[in-house]
Amino acid sequence: MNMRLRAGLILLLGLLLSLAAAASHGADTEAPLEKRVKAAFIYKFATYVDWPAGAFAAADSPLVFGVLGDRAIAEELGRATNGRRIETHSLHVRELHDGDDLDGVNVLFVGAGGALAPALSATGARPMLVVTEADSALSSGSVINFIIAEGRVRFEISAAGAERRGLKLSSRLLAVAYNLRSGEAR
Amino acid sequence: MRLLAARSVRRKLQLLVVVTTLAALVITSVGMVAYDMRNYQRVWVADLQTQADILGQASAPALAFDDPKAAGENLALLKARPSILAAAIYTARGALFASYQRDDAAAAAFPAIPDSDGFSIRRGELVVFKRIVDQNGIAGTVYLRADYPLVSRVLNYLGMLALVMIASMIAALALSARLGAAITRPIVEVGEVARNVIERRDFSLRATRTSEDEIGYLVDAFNEMLGEIGLRAETLESSNRRLEHEVGERREAEQALQISERRNRTLVAAITSVVWTSDGSGRMTEEQPSWQAYTGQETARCLGLGWRNAFEARDRDALEAAWAGAIEAPGLFQLELRLWHAATHSYRYVSLRAVPIVETAGKVNEWIGTVSDIHDQRMAEDALRKLNAELERRVAERTAELEASNKDLEGFSYSVSHDLRAPVRVVAGFAKMLGRQHADQLDAEARQKVEVIQNETLRMGVLIDDLLMFARLGRQAIRAVELDMGAVVRSVYDRLISQHAGNPVEFHLGSLPAAVGDRVLLEQVWTNFLSNALKFSAKRERPVITIDAISDATEYIYFVRDNGAGFDPRYQSKLFGVFQRLHGSSEFPGNGVGLALVHRIVTRHGGRVWADSKVDHGATFYFSLPRDPAPADTQSS
């Protein structure tokens, strides 16, 4: 009963969201959908990650999404994660600007508006899920990289990148990756 | 039930086992099928739901990252499960996201929107919907459509059950045939025995007891019953036989009775002697065929008392007197009298007999009488009687004549003897004188001859004396006195032994009973016996003479026994005759009168004389005297 009630509520919420999307769709056509999808994906990526010990200060420390160089996605992600938790962690979205301190950021998205290389170098080998949307970003230290294939938002994963940062990505996530690069040197 | 009633016990038992087995199997099968179907459905549904869940979980990332291709690939893996006809994944919003259809399956439309969680079974197909839930809630829905081969499974199941049942039936039949035999065999045997008993009526048959259960008890009871029935049947049969026997006897008796009656009737009709009947008072009341045939009386004349007139007039008084007595005291009536015989036209002697037929209270109801012609018999008897009388008269005459002549003879012999004595005595006297006075004139031969004359005349004198005595006994009266026989014998013996020359005699004298008799005559008897005994035993080296007596109720028997020459018992009858001698006079002297004399004396005393002997073995002479001598015999007969 509870489940059904919740399902009903979620359905209702979904309906509202789609109405809102349709409303916004009319004003801002292509970009917002892609941003929304990417924001949803970013959020979902976090749920498929097994963080290494020490990634969080405490068990109930918040999981922080850092969005660099794409305000729309930051906003969208803020909406997607609003009121949600992943395991024991509450979710926070932080809009970043080039040169910002990346401490406490668990998931870092580097959008097209941000400087990729400095950001990547700044992360080093920290246990940070780095998501990018630039070609060949994986070879430069990104873990997940968005691409557009057949008109859809898809993503590719660098298993080596994840491994270097001590992240374990769920095999289920790997299964839906468009492209999986296992060994990728820096 | 009709089927059960019709068959034998064995069949029934088999049927019972088969039906029971079948029922058990059917119930078990129904239960099993029901359980299996339910279980099958549950398992199958659970299986599909699990499958759906796995699919959902596997496809959740694909949904999350909007990758229908990956979802399609996931679904394509269902090829490994050919029973799944179709599958689909719907998004959380209910749009078809990815789908799969078995190659050969008929294309069926996927539902436009997914149902809620659950399953449904329709037309042999199972349809399962399963929500995909992840951290963010419902991610989508998995749709699975699979074969649900319940009917074919049931059919398979039933086929297998049928096989099992057939096998079970066969096993049950075989087992029941084998095990049931243990139960049915005794019953069948009992049945067999019962059938044999009925067919052969042999109640000695017995069923064999082979088990200790109720059937064994039944067999025992059956056997006991058979025994009882056998006993009853035997009793009945023997009683029947007895009855038949009795009936046979009765039939024979009836036949015998009929034959006897027929014979009697024939006899009565054919009888020549006269049969008549009269009423209780002696009146003839009906026709008397045989009576009328004999007497020639008409029916009318003999009826009533008329029959009496047929008798001789002189006999009628006797008849009437006797008849009146017979009527007064009914009993067998018999009278001989003369009856008119028509055929010979004369009166003939007849024996008239009649018996009364006595009814109750001594009243004579009827007389049945016969008339037997005894005329010829009567005449013959009369003639015989006359002849006898004549004979007796002549015998008496002859006897008288004989007695007279005897007397004459005795008188003559007496006188002869008496008259002979004188001349003999004269001859003897003169011979003696001649021998004594003229002895010197005679030579030796002449003297010897004179001596012979003397001896012979002496002997002749004795003979004459004896004959005289013998003759005198006929006329002399017996003077009976009480005699001490022992003393008599002793004196006689003493007298004789004093004159006896020869070997010494061993003499035994028993105690003799006293008797009544003439002393002189009985002394003569003893003298004769004893002198005989001495004489005939004289040649023995050691003569033994025994005298004793035996007594019985009527007489005393005295006897004299010697161990002398004895005599041939063949001549016993001659022993007591006058002048009868069994030995030559040269051997034993004697004149043959002595025993005749003894006989005469003893006979006159009312006794008897006899002897027994064997040659050379001695002789015993007996004489008896009555205990009560007849006083009448005082004169010669």
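This note comments on the predicted model point by point.

1. Basis of the model. The model is predicted: local features need pLDDT of at least 70, side-chain atom pairs count only at pLDDT 80 or more, and totals for chains, interfaces and linings use all residues. Residues are numbered from 1 along each chain as its sequence is written, while chains are lettered from A and ligands numbered from 1 in the order in which they are written.

2. Confidence. pLDDT is the predictor's confidence in each residue, from 0 to 100. Chain B has a mean pLDDT of 84, with 94% of its residues at 70 or more. Within chain B, the lowest confidence, a mean of 53, belongs to helix H1 (residues 2–6), and the highest, 93, to strand E14 (residues 555–562). Over residues 632–637 of chain B, pLDDT stays under 50. Where pLDDT is low, the predicted coordinates should not be read in detail. For the complex, the predictor gives an ipTM of 0.73 and a pTM of 0.42.

3. Secondary structure of chain A. Chain A contains six helices and 10 strands; these are DSSP runs, of at least four residues (H or I) for helices and at least two (E) for strands, numbered from the N terminus. Of its 186 residues, 38% count as buried, a residue being buried if 20 or more other C-beta atoms, placed from the backbone, lie within 10 Å of its own.

4. The sheet. Eight strands of chain A form an open sheet of mixed pairing, in the order E3-E4-E2-E5-E6-E7-E8-E10. Two strands pair if DSSP finds at least two bridges between them. The edge strands, E3 (85–86) and E10 (179–181) of chain A, each pair on one side only. Strands E2 (residues 63–68) and E4 (residues 89–96) of chain A are parallel and share six bridges; Leu68(A) stands opposite Leu96(A) in E4(A).

5. The core. A nonpolar core is a set of buried Ala, Val, Leu, Ile, Met, Phe, Trp, Tyr and Cys residues joined through C-beta atoms within 7 Å. The largest has 85 residues, and those with the most contacts inside it include Phe45(A), Leu129(A) and Ala87(B). Helix H2 (residues 9–64) of chain B supplies the largest share of this core, nine residues. Another core, of 40 residues, lies apart from it and includes Ala565(B) and Leu625(B).

6. Two residues are in contact if their C-beta atoms, placed from the backbone, lie within 7 Å. Beyond its neighbours within four places in sequence, Leu129(A) has contacts that include Phe45(A), Val49(A), Ile144(A) and Leu167(A).

Notes
Buried ≥ 20, exposed ≤ 12 C-beta atoms within 10 Å, placed from the backbone.
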